[in-house]
Amino acid sequence: MPEILPVNWLPDGRLPASSSAAVQRAADILTRGGLVAIPTETVYGLAALATDAAAVARIFRAKGRPATNPLIVHVADAAMASPLVRVWPQRATTVAAAHWPGPLTLVLPATKLVPEIVRAGGGTVAVRCPQHPVTAALLRLLGQPLAAPSGNRSGMLSPTTAAHVAASLGDAVDLILDGGTCDCGIESTVVDLTTEPPQLLRPGPIDRSTLAASLGCQLLGGSAVDQAASSSGVHRSPGLLLKHYAPEADLEVSSESTARVKQRLKHGERVGWVTLGGHSSSELLQEVGEGMLHHRDLPDEPAGYARQLYACLHDLDRLAVTAIVVETPPRSELWQAVHDRLTRAAHRDAI
Ligand code: TXA
Ligand code: MG
């Protein structure tokens, strides 16, 4: 098992002495080319120094990640991002001022300082300034950017706790900083600012209208299905392949989840049932045998739902259910990121 160091922070964002020592240890490991799992407000990341191509290669090996999928570079502030970016448009300044630090990733033209492996051979770099106080402190201490994809094996669910990272990556990671449960629970919003108009590559905690309002223009894209369907071999954002963020169990989303759960139980499956908004399962639980049905009810507002979604799916996987049936959440725009992740988790064929 990898070493796991608990870290916490004070209400003003500063770290107590024990956590500062843990962050120092993380910085030492990273400086020597090691891999450290870091807490962020979205999901846990698996970090290496962004300018250390050999360390970044270890990230790809640890995750089993295809070399064609570029990494997000995490920075302490816009000033740390600027040497990595060849053209920094006014829109980037505006949107970073509005949402950094926070769950927003900007795709911009890269300079030669960004190693090819980080860019997956492309001409752009994705930059993000995380808000989590521990990772913010680590970035300031290092004074250098960190390349960090989510801290899970490629194609599996992103981790929202240190335990999820340990279960997914084991000894492939040198140290895990345990900063508690991630606040947003799903990955950052990714927007490509190299196109006109800008393109929403991955919906996330910052919703489309909010982002469009801060950019002062309309956005293209944003649907997981459209993105993958329209990409013919070359992916604008390779992580947008379907079948991403998937649990081990076969997941389906249904607007008649009660009926689907009954059907799957009849076929002898062990079922995980995910509802929202205080749905009761007591009747069904009385009908079926012990251990055949595991029910989880999530909040019926999008931020609360997103915060708990991956933890809920991780949990059901651990209970070795064969099927997960998710009641379809509402269709409004604020739910777009949740629908995106559920669509990917339910998709069985691609990659
Ligand atoms: O919230 C997050 O963004 C988390 C935390 C750790 O910061 N990170 C994360 O990284 O989700 P990852 O690697 O799991 O997802 C990054 C996404 C992928 O879909 C990748 O293809 C895309 O961003 N991406 C990275 N660099 C890109 C680039 N230069 N152009 C287009 N897409 C890029
Ligand atoms: Mg990921």
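Reader: Which residues of helix α7 are buried?

Author: In this predicted model, Ala162, His164, Val165, Ala166 and Leu169 of α7 (residues 162–169) are buried.

Reader: What makes a residue count as buried?

Author: Buried means under 20% relative accessible area. The five names just given are called buried, so each falls under that 20% cut-off.

Reader: What covers the buried residues of α7?

Author: The cover includes strands β1 (3–6), β2 (36–38), β3 (45–49) and β8 (175–178). Helices α2 (53–63) and α12 (302–318) are also among the covering elements.

Reader: What follows just after α7?

Author: Gly170, with a positive phi of about 50°.

Reader: How is the chain divided into domains?

Author: The domain assignment gives domain 1 (3–225) and domain 2 (250–346). Their contact takes 24 residues from domain 1 and 16 residues from domain 2. The two centres, taken over C-alpha atoms, are 29 Å apart.

Reader: Why is the pair Arg341 and Glu187 called a salt bridge?

Author: The rule asks for a side-chain nitrogen of Lys or Arg within 4 Å of a carboxyl oxygen of Asp or Glu. Arg341 and Glu187 meet at 2.7 Å, N to O, so the pair qualifies.

Reader: How many salt bridges does the rule find across the interface of domain 1 and domain 2?

Author: The rule finds 1. Polar contacts between the domains come to 7 residue pairs, both residues at pLDDT 80 or more. On the side of domain 1 that touches domain 2, β10 (199–202), α8 (208–215) and α9 (224–230) each give two or more residues. That side has 10 nonpolar, 9 polar and 5 charged residues.

Reader: How much area do domain 1 and domain 2 bury between them?

Author: About 1,600 Å², with 58% of it on carbon and sulfur atoms.

Note on methods
Residues are numbered from 1 along each chain as its sequence is written. Chains are lettered from A and ligands numbered from 1 in the order in which they are written. This is a predicted model: local features need pLDDT of at least 70, side-chain atom pairs count only at pLDDT 80 or more; totals for chains, interfaces and linings use all residues. Side-chain values use heavy atoms; hydrogens and water are left out. Domain bounds come from an automatic or database domain assignment. Contact means heavy atoms within 4.5 Å. Buried area is the accessible area (1.4 Å probe) that two parts lose on being put together, summed over both. A polar contact is a pair of N or O atoms within 3.5 Å; within protein, one must be able to donate a hydrogen and the other to accept it, and residues adjacent in sequence count only if both atoms are side-chain atoms. Helices (H or I, at least four residues) and strands (E, at least two) are DSSP runs, numbered from the N terminus. Ala, Val, Leu, Ile, Met, Phe, Trp, Tyr, Cys and Pro count as nonpolar, Asp, Glu, Lys and Arg as charged, and the others, Gly among them, as polar. Buried means under 20% relative accessible area, exposed over 50%, partly exposed in between (1.4 Å probe, protein chains only).
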